[in-house]
Amino acid sequence: RLLGEIGEELVRAEARRELEHLGHIELARAVRRVSLESDQLGYDVSAPRISGARRLLEVKATTRIATDMRGVHLSRNEADVGARYPHDWALVVCQITNPDAAKGEIVGWCSHPSLDKLLPHDTARGRWEQAWVEIPSEAFTPGLPRATG
């Protein structure tokens with residue numbers, strides 16, 4: 001839980017920094033950790049773009065990053081929200097380097113279309129609700145989805 005909170009704060013702070021750097025102070029103030037309000041939204045951080053829909057950022061944090069694969073637990077709800085908003089939702093992975101000092105870095109992000117083929121399939125015997133998803137490193141774009149895109 002602590003790792004997740006650190007990751008969410010890293011993402012929130014970086015999204016604000018980007019908007020401030022672009023001269024959009026009011027938009028920077030609108031970046032929110034919505035996970036503090038509800039964990040049912042399917043994303044953790046809501047960050048405005050300069051124009052268009054908000055970025056919906058689902059944050060996953062870990063202390064270990066493999067060079068060729070990044071494994072994350074993804075809920076059905078998170079995947080469903082990503083499918084509903086394929087151009088606005090993104091999975092962001094953070095590596096926490098020092099949990100005691102709340103230090104880490106954003107490794108990168110990927111969109112739902114990159115994940116879709118990696119998700120489990122429902123069967124006649126049941127629906128998947130939570131999955132461990134191994135994502136190839138090349139599916140990730142460094143940083144966060146841009147506020148200008």
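So, Cys110: its sulfur sits 12 Å from the closest cysteine sulfur, the one in Cys94, and that is too far for a bond. A disulfide here means a pair of cysteine sulfur atoms within 2.5 Å. Searching the whole structure turns up zero disulfides, and Cys94 is in none. Are these two cysteines buried or exposed? Cys94 is buried, at 0% relative accessible area, and Cys110 is buried too, at 1%. The cut-offs are under 20% relative accessible area for buried, over 50% for exposed, and partly exposed in between, with a 1.4 Å probe and protein chains only.

Quick word on what you're looking at. This is a predicted model, where local features need pLDDT of at least 70 and side-chain atom pairs count only at pLDDT 80 or more, while totals for chains, interfaces and linings use all residues. Residues are numbered from 1 along each chain as its sequence is written, and side-chain values use heavy atoms, with hydrogens and water left out.

Okay, the overall layout. The protein chain has four helices and seven strands, in the order α-α-β-β-β-β-α-β-β-α-β from the N terminus. Those are DSSP runs numbered from the N terminus: H or I with at least four residues for helices, E with at least two for strands.

Now, which strands make up the open sheet? There are five, ordered E1-E2-E3-E5-E6, with mixed pairing; two strands pair if DSSP finds at least two bridges between them. Contact means heavy atoms within 4.5 Å.

Let's zoom in on E5 and E6. They run antiparallel, joined by eight bridges, and they form a hairpin with four residues between them. In the turn, Ala102 has a positive phi of about 55°. Along the pair, Ile96 stands opposite Gly104, and Ala90 has Ser111 as its bridge partner.

What about the inside? A nonpolar core is a set of buried Ala, Val, Leu, Ile, Met, Phe, Trp, Tyr and Cys residues joined through side-chain atoms within 4.5 Å. The largest one has 20 residues, and Leu74, Trp89, Leu91, Leu115 and Ile135 have the most contacts inside it. E4, H3, E5, E6 and E7 each supply at least two of its residues. There's also a second, separate core of 18 residues, including Leu10, Val11, Ile96 and Ala147.

Glu78 is buried at 13% relative accessible area. Beyond its neighbours within four places in sequence, what does Glu78 contact? The partners are Gly42, Glu58, Lys60, His73 and Trp89.

Last, the whole chain. Of its 149 residues, 44% are buried. The radius of gyration is 15 Å, which agrees with the value near 15 Å for a compact globule of this length; it is taken over C-alpha atoms, and the globule rule is 2.2 Å times the number of residues to the power 0.38.
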